[in-house]
Amino acid sequence: MQTEATVGVVEGGGPARKLVAHHQRPVQQQQSQVGTVSQLIAGGVAGAVSKTCTAPLARLTILFQVQGMHSDASTLRKTTIWREASRIVNEEGFRAFWKGNLVTIAHRLPYSSISFYAFERYKNILQLLMGVENHGTNISTDLFIRLAGGGLAGITAASVTYPLDLVRTRLSAQRNVIYYRGIWHALRTISREEGVLGLYKGLGACLLGVGPNLAISFSVYDTARSYWQLNRPQDSTVLVSLACGSLSGIASSTVTFPLDLVRRRMQLEGAGGRARVYKTGILGTFGQIIKAEGVRGIYRGILPEYYKVVPSIGIVFMTYEKLKQVLSKLDSSR
């Protein structure tokens, strides 16, 4: 989830893309050629392609994040990305790098659709409450409305689709022993053994990260892009967007990664009948992790997360733009 807002910068329908679009008039002109449904389709497919291509790194991130739950410190020191990747290939097979990817793809379309719809609704409500008839008349007010609307839309989408995110974590965290046999089996098993609320473990940590993620992604992207264009106006806009998007993704990941790690561990609480490890809420979980694993423990898995930022944004950008061209041609040929 760390790069969710950043990916939204170049993915159709995401609130963050709406924010950046305000400062990118040429992009807005291109978007006018494509309908809302086409934007959602292009954005959803682009996100699915990007998630599939970077799934091995995403699974490595999750495996590293949850290692400290049932391992001692001496075992954790010996683990590296190469060793963990080799273990997956040798013990689980090459296809295991994509464990949980199907539910990730299933999560994309409803998340994007809800974000897109909720952003428009929240934006209209905020404009009404603040007495702003049209966006763009006041830059600071418009920026606040877009940031607040984007944050509220992100919280709404994350809350509605959270059970799929939890299932993805549990499927990805499985190693040799398979307890959950698929999406529906996992949903039924968790509901039966842990209750319906079991599908929302870690939701608090997830929602706490939405606002900072969006704010950091947007502010770093906008600042970096403005500085770049001021000093090197002749550079390609595509290059600038990709570079600034990657930088904002790394920045937001660095700040919000500890919350994401806590979310993942809380999602695995009681999985497969195991005893609970953390029983004191978000702050208590932070304290337990730091006490047992040190400060480095709350950043366990950050390297594969960094590695997937640039390719993830690049793949989304290229796929979205290509699909947008194709859909635009299809619309115009009707």
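**Close-up views of a predicted helical model**

**View 1. Val 196 in the loop between helices H11 and H12.** Val 196 lies in the loop that joins helix H11 (183-194) to helix H12 (203-231), where helices (H or I, at least four residues) and strands (E, at least two) are DSSP runs numbered from the N terminus. With a relative accessibility of 57%, Val 196 counts as exposed; buried means under 20% relative accessible area, exposed over 50%, and partly exposed in between (1.4 Å probe, protein chains only). Val 196 and Pro 163 are separated by 33 residues in sequence, while their C-alpha atoms are 9.5 Å apart in space. This is a predicted model, in which local features need pLDDT of at least 70 and side-chain atom pairs count only at pLDDT 80 or more, whereas totals for chains, interfaces and linings use all residues. Residues are numbered from 1 along each chain as its sequence is written, and side-chain values use heavy atoms, with hydrogens and water left out.

**View 2. The protein as a whole.** The protein has 15 helices and zero strands, and buried residues make up 53% of its 334 residues. Among the contacts (heavy atoms within 4.5 Å) with a separation of 6 or more, 78% are between residues 24 or more positions apart.

**View 3. Gln 174 in the loop between H10 and H11.** Gln 174 is found in the loop between helix H10 (162-173) and H11, and with a relative accessible area of 9% this residue is buried. The side chain of Gln 174 reaches the backbone nitrogen of Tyr 180 at 2.6 Å. When residues up to four places away in sequence are not counted, Gln 174 touches Arg 59, Glu 92, Lys 99, Tyr 179 and Tyr 180.

**View 4. Helix H5 against helix H10.** The axes of H5 and H10, which are lines fitted to C-alpha atoms over the stretch in contact, with angles running from 0 to 180 degrees between N-to-C directions, come within 9 Å and cross at roughly 85°. H5 is therefore roughly perpendicular to H10, given that angles under 35 degrees count as roughly parallel, over 145 as roughly antiparallel, 65 to 115 as roughly perpendicular and the rest as oblique. Ala 58, Arg 59, Ile 62, Leu 63 and Val 66 of H5 make the contact with Arg 168, Thr 169, Ser 172 and Ala 173 of H10. These residues divide into five nonpolar, two polar and two charged, where Ala, Val, Leu, Ile, Met, Phe, Trp, Tyr, Cys and Pro count as nonpolar, Asp, Glu, Lys and Arg as charged, and the others, Gly among them, as polar.

**View 5. Helix H5 against helix H13.** Helix H5 (residues 55-66) and helix H13 (residues 237-267) have axes that come within 9 Å and cross at roughly 75°, and the two helices are therefore roughly perpendicular to each other. From H5, Thr 61, Ile 62, Gln 65 and Val 66 meet Phe 257, Asp 260, Leu 261, Arg 264 and Arg 265 in H13. The residues of this contact comprise four nonpolar, two polar and three charged.

**View 6. Val 310 in helix H15.** Val 310 is found in helix H15 (residues 302-333) and, with a relative accessible area of 45%, is partly exposed. Val 310 and Gly 249 are 61 residues apart in sequence, and the distance between their C-alpha atoms is 8.2 Å.

How values were computed:
Polar contact = N/O pair within 3.5 Å; in protein donor to acceptor, adjacent residues only side chain to side chain.
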